[in-house]
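Notebook open, structure about to go up on the screen. I'll jot things down as I look them up.

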Amino acid sequence: MAIGKKRKGGDVKLTSRKLFAFAGALALSSAALVGVGSAGAFAGASGKGPAARHSPKAAKFVGCMVTDTGGIDDRSFNASSWQGMTEAKAADPNITVKYLQSKSTSTYVPNINAFIAQKCGIIVTVGFLMGTATEAAAKAHPTQKFAIVDYTYKPPFKNIDALVFNTVQDGFLGGYLAAGMTKTGKVATYGGMKLPTVTIYMDGFWDGVRYYNNVHHTKVKVLGWTERTQTGEFTGTFTNQTKGETVTKTFISEGADIIFPVAGNVGLGSAKAVQNADNAGGHVNMFWVDTDGCISAAQYCKYFITSVTKGIQSAVKNAVLSAAHGTYKGGNYIGTLANGGVLLAPFHLWTKRVPASLKAQLKRVELGIIHGKIPTPTKSPV
Amino acid sequence: MSSELADQAEETAKSEDGPPSPATGGDGRPGARGFTEALLDAVTSGNTVTVTVLAFLCAIFLGGLIIAFTNTTVLHAWGNLFSAPGKAFATAWDTAAGAYVAMFEGAIVNPHAVSAAFHGGPVSTVFNPLSETAVNATPIILTGLAVAVAFRAGLFNIGAASQFIGGAMIAGWIGFAVHLPFILHAAVAVAGGLVGGAVVGGAVGFLKARTGAHEVIVTIMSNYVMEYLLLYLLGLTAFRRPGNPNPISPPIATNAVLPHLFGSTLRVNVGFLIALAAAAAVWWVLNRTTIGFELRTVGSNPRAARSAGMSPERTWIVVMLLAGALAGLAGAAVVQGTNFNVAPQIYGTYTVDSITVALLGRASPTGTVLASLLFGALRAGGVTMQASTQVPVDIVTVIEALIVLFVAAPPLMRAVFRLREPRAGGGEQLEARGWGG
């Protein structure tokens, strides 16, 4: 009790003291910053300092991108989008590009606002989580051009280029290829999180295997996903590679010899597990997702039979170029096999190991999907 | 009875003496001084204001070095250090200073906006940086208080995110599913957020009081439970936008939006006032009420509190209800003040942020508010810094981490700046030390 009382007394006196002291601290640090500020301005006046950033060259078109929390090196949709931005820059020297990384869902709005204040030619936002923030900004600034990856609007906006990708189609091709390549009669897939953009791939993969089974009267099994019940294996993360490795080890021990992770960076864990199995004499390989694995995770290229990609890169590039060249229209864009918005990546090191007959069949299936003769149902439509 | 796991955690965390006494009546504290008490002591009396200020300045200095020497232009200039030493230093200085200037312009005031306002530009842009600082600080203040108040009762609340989610879910649901008139709707949703957080927090207090489950483990695990519950709920049709397959809730009704304080161009809203009022309320409860006294006594020494006729169990439940309510308010403030919907990962990094500001603020309401304002300023400035200088916003996290690192190591700061060693003891010494150590 006595201790408690003493503390209490001390605290009450302290609080006001602390307040002043802290105010002093803040004042000091502000002063320090102002000091830095004036020094910076001085350096700027001499012509080589940060003041240069206040004088953009008027003729230039600035393409701006707000990433999701993953940042531009997530080997997934942020990385692809940024790749698209830099390709647009490479295609037209008048374009400069920059990005802002979101630290959390609460920084979407300030990031978009910061770019609006900088008068960007186009603002590209990445991911469905930014759907609301982008919509609000587009309504408040009707002349500002936007593009958003992985989200659409009903009705569409004139100043938002909404880019989505019907990846059930190339997922289907991937499933067909996997069923044609497996030696054990078992293939596996898993997701990072149970999100529509993830399960749409898994639905396609599952359909593709089923279609192969129907055509060839085989019984290839898919581990990790069932389209009918929409249940399967998820790591609950897009970043923790250890979980990908664990899941993949389990699949391998259950007899799967082709693994299709739909989990961004977590897929690297799968690659590690596949590599370990290979070193131990097993014959296990995998597909990469979203981007061409032989480029984005080149160290594991020899294990990637192919990659089931979506053309975020070219879609973003086209959006930026159209805004820069005055052909921007806005509205919704759906990437398909027909328009090249989704596709299987080249086989790279597997070119000779995938049988020519299977390649020919894949071509026929692709045409079948494009012409609507082969249905690609999914419970996560774009 | 304390579980084996909790005992282990105590054992590893505990710094000193005494074999673990058999748990008596739910008081699962082995030895006289547990880890939390030791930490509490260190946090509340181990640092002088001088150390805090110096820690901030050191962090800014090191952050500046990192900004400068991760910049390719600077590195190139330093490659020619011996042929053009002046240029090397000038580029390094310009890069770091430029980043900090931009940060200051985004967090406090932008001189360009001020001069523009004098020439007939919009006045609101002058106050936009401060508004952004307040918006960023709001949830940090509330979650920080949730940790600070638990600290005072000797509990380590690592569950700010779970309590935040509890609040955000309820506030969000009331926001989009219920129809009420203006003001009332917003108020009911905020109250719902408070209750949602209190339930999650209170559950932890209840588990600790009844079963002796260690709050560190329970709060950490509750974060996972609530994160996945959130993801599950967002998968249900009732929590999703009609016609949209993505796990994101419908936007809340305009009636449920917390009103802006200074017009629609500045994002600062009533949530900030709620945060300040909550801080004042916490201060009042801690220092002016019987509950607060019991709470601090239990925090100092649960055994003494018990022999003085207080019930640590009851106090734990009360303080966790209070902490949960505060973090729940943060959830409501974010959903109703800035995000206007419930989405996965809405809980951001508030678990770590809240602990950080509570430590930095020495577990006092005033200190927590000031530390949160500092962090809010760093975050707001980080956006501008990244936008105008393309310095990665991660540098803000680095600076925050450095501040905490230095604050957590008073002997290091004293050694670096040759400050006098403070005499052992409580608050009175703090007064004597004062400025300049």
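Accessible areas come from the Shrake-Rupley method with a 1.4 Å probe, and for residues only the protein chains shown count as cover.

Ground rules next. This is a predicted model, where local features need pLDDT of at least 70 and side-chain atom pairs count only at pLDDT 80 or more, while totals for chains, interfaces and linings use all residues. Residues are numbered from 1 along each chain as its sequence is written, chains are lettered from A and ligands numbered from 1 in the order written, and side-chain values use heavy atoms, without hydrogens and water.

**Entry: patch on chain B.** I found a nonpolar surface patch formed by Phe61(B), Leu62(B), Leu65(B), Phe69(B) and Leu75(B), together about 430 Å² of accessible area. Helix H3 (residues 49–69) of chain B gives the most to it, 4 residues; helices (H or I, at least four residues) and strands (E, at least two) are DSSP runs numbered from the N terminus. Leu65(B) sits in that helix H3. Its relative accessible area is 36%, so I logged Leu65(B) as partly exposed (buried is under 20%, exposed over 50%, partly exposed in between, 1.4 Å probe, protein chains only).

**Entry: chain A overall.** I get 11 helices and 14 strands in chain A. Of its 382 residues, 56% are buried.

**Entry: helix H7 of chain A.** Does the length of H7(A) agree or disagree with 1.5 Å a residue? The 13 residues (241–253) should span 18 Å, and the end C-alpha atoms are 18 Å apart, so it agrees; the expected span is 1.5 Å times one less than the number of residues. At the start of H7(A), a side-chain oxygen of Asn240(A) comes to within 3.2 Å of the backbone nitrogen of Thr242(A). I listed Gly244(A), Glu245(A), Val247(A), Thr248(A) and Phe251(A) as buried in H7(A). Their cover includes strands S6, S7 and S10 and helix H8 of chain A. After H7(A) comes Gly255(A), with a positive phi near 105 degrees.

**Entry: Asp292(A).** I found Asp292(A) in the loop between strand S11 and helix H9 of chain A. Its relative accessibility is 14%, so Asp292(A) counts as buried. Its side chain makes a polar contact with that of His348(A) at 2.7 Å (a pair of N or O atoms within 3.5 Å; within protein, one must be able to donate a hydrogen and the other to accept it, and residues adjacent in sequence count only if both atoms are side-chain atoms).

Note on methods
Contact = heavy atoms within 4.5 Å. Patch = residues over 30% accessible without salt bridge, like charges linked within 9 Å, V, L, I, M, F, W, Y side chains within 5 Å. Salt bridge = Lys/Arg side-chain N within 4 Å of Asp/Glu carboxyl O.
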